[in-house]
Amino acid sequence: CLTFQLACCCGTAACSLCCKCCPKIKQSTSTRFMYALYFILVTIICCIMMSTTVANEMKTHIPFYKQMCKGIQAGEMCEKLVGYSAVYKVCFGMACFFFLFFLFTIKINSSKSCRAYIHNGFWLIKLIVLAAMCSGAFFIPDQDTFLNAWRYVGATGGFLFIAIQLILLVEFAHKWNKNWTAGANHKQVWNGLLALVTLILYSIAVAALVLMALFYTRSEGCMYNKVLIGVNGGLCLLVSVVAISPCVQNRQPHSGLLQSGVISCYVMYLTFSALSSKPPET
């Protein structure tokens with residue numbers, strides 16, 4: 001009985017006790033919110049680890065900083081807890097946490113099953129497990145081999161993530177275009193709004209392309225940046241032409257420049273992200 005009471009304190013009972021003033025939401029929605037909150041929390045920690053400013057401030061303002069770093073075997077100035085290698089380890093622990101619950105929730109058909117109760121509650125215990133997994137990644141033997149292998153896993157996962165995002169964006173833009181086109185049959189104002197939004201999207205994409213060409217290239221050198229900007233800009237133009245081509249229009253009457261405009265903006269964002277993350281050439 002005592003064990004059951006303790007489990008309730010770490011599960012949904014604690015949330016309902018502390019959140020009576022909050023509006024009622026579905027359990028599935030609250031579960032998604034909590035997992036998203038965990039993800040955001042770990043992401044913020046990773047951003048702090050990547051910030052040299054935060055690391056320097058910690059060295060300056062935390063007393064006994066050097067002794068504490070030696071005590072937890074993180075190096076004389078906690079160099080093992082900052083930088084990209086530390087972020088890789090923390091992300092490895094987070095990936096293991098979510099993969100574990102992915103396996104745990106396979107073939108759950110009802111929210112009343114035992115596994116569903118665990119999936120939808122016990123948030124304090126899950127937070128402790130997540131912290132333990134992220135911390136345990138720092139004690140993996142042969143760190144160099146682990147980091148080299150995890151880079152390839154991260155690159156593969158990043159590629160799949162971007163591909164899924166592109167599919168979802170195309171689907172979203174297709175439904176958007178379909179709904180507004182249907183509204184244009186009753187009011188012509190929807191045609192004007194559709195044209196306006198499409199013009200704004202392409203204006204953003206073109207402006208981003210021009211600004212990246214100005215700030216990330218120069219007359220001599222920067223060949224990698226020039227190729228990346230040129231290829232991605234050319235692909236955006238190709239997608240736009242394909243979206244309004246007769247063969248596509250015959251098969252997909254609701255296809256248009258809105259979809260390609262959304263994708264062009266997203267591709268420009270990805271290009272900017274890649275160029276801003278690339279170390280500057282000397």
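So, is Phe122 buried, partly exposed or exposed? At 24% relative accessibility, Phe122 counts as partly exposed, because that label covers whatever falls between buried, under 20% relative accessible area, and exposed, over 50%, using a 1.4 Å probe and protein chains only.

Before I go on, some housekeeping. This is a predicted model, where local features need pLDDT of at least 70 and side-chain atom pairs count only at pLDDT 80 or more, while totals for chains, interfaces and linings use all residues. Residues are numbered from 1 along each chain as its sequence is written, and side-chain values use heavy atoms, with hydrogens and water left out.

Okay, the overall picture. The chain has 13 helices and zero strands; helices here are DSSP runs of H or I with at least four residues, strands are E runs of at least two, and both are numbered from the N terminus. Of the 282 residues, 25% count as buried.

Back to Phe122. You'll find Phe122 in the loop between α7 (114–119) and α8. Most residues other than glycine have a negative phi. Phe122 isn't a glycine, yet its phi is positive, about 55°.

Is Lys126 buried or exposed? Lys126 is buried, with a relative accessible area of 4%. Lys126 and Tyr35 are 91 residues apart along the chain, with their C-alpha atoms separated by 9.7 Å.

Then there's Ala137, in the loop between α8 and α9. Ala137 is buried too, with a relative accessible area of 2%. From Ala137 to Cys91 is 46 residues in sequence and 9.0 Å in space, C-alpha to C-alpha.

A pocket here is an open set of points on a 1 Å grid over the protein atoms alone, where a 1.4 Å probe fits, with protein on both sides within 12 Å along at least five of seven lines; lining residues have an atom within 4 Å of a point. Twenty residues line the pocket, and Phe39, Cys91, Met94, Gly154 and Gly158 lie nearest its centre. Which helix gives the most to the lining? That's α9, with eight residues. Helices α3 (27–50), α6 (84–104) and α9 (143–184) each supply at least two. By class, the lining has 15 nonpolar, four polar and one charged residues.

Last stop, the surface. Val189, Trp190, Leu193, Leu196, Ile200 and Ile204 make a nonpolar patch of about 510 Å². Patch residues have over 30% relative accessible area and no salt bridge, and nonpolar side chains are joined within 5 Å. Leu193, one of that set, lies in helix α10, residues 189–215. At 33% relative accessibility, Leu193 counts as partly exposed.

Key:
Ala, Val, Leu, Ile, Met, Phe, Trp, Tyr, Cys and Pro count as nonpolar, Asp, Glu, Lys and Arg as charged, and the others, Gly among them, as polar. Patches are made of residues with over 30% relative accessible area and no salt bridge: like charges are joined within 9 Å, nonpolar side chains (Val, Leu, Ile, Met, Phe, Trp, Tyr) within 5 Å. Accessible areas come from the Shrake-Rupley method with a 1.4 Å probe; for residues, only the protein chains shown count as cover. A salt bridge is a side-chain nitrogen of Lys or Arg within 4 Å of a carboxyl oxygen of Asp or Glu.
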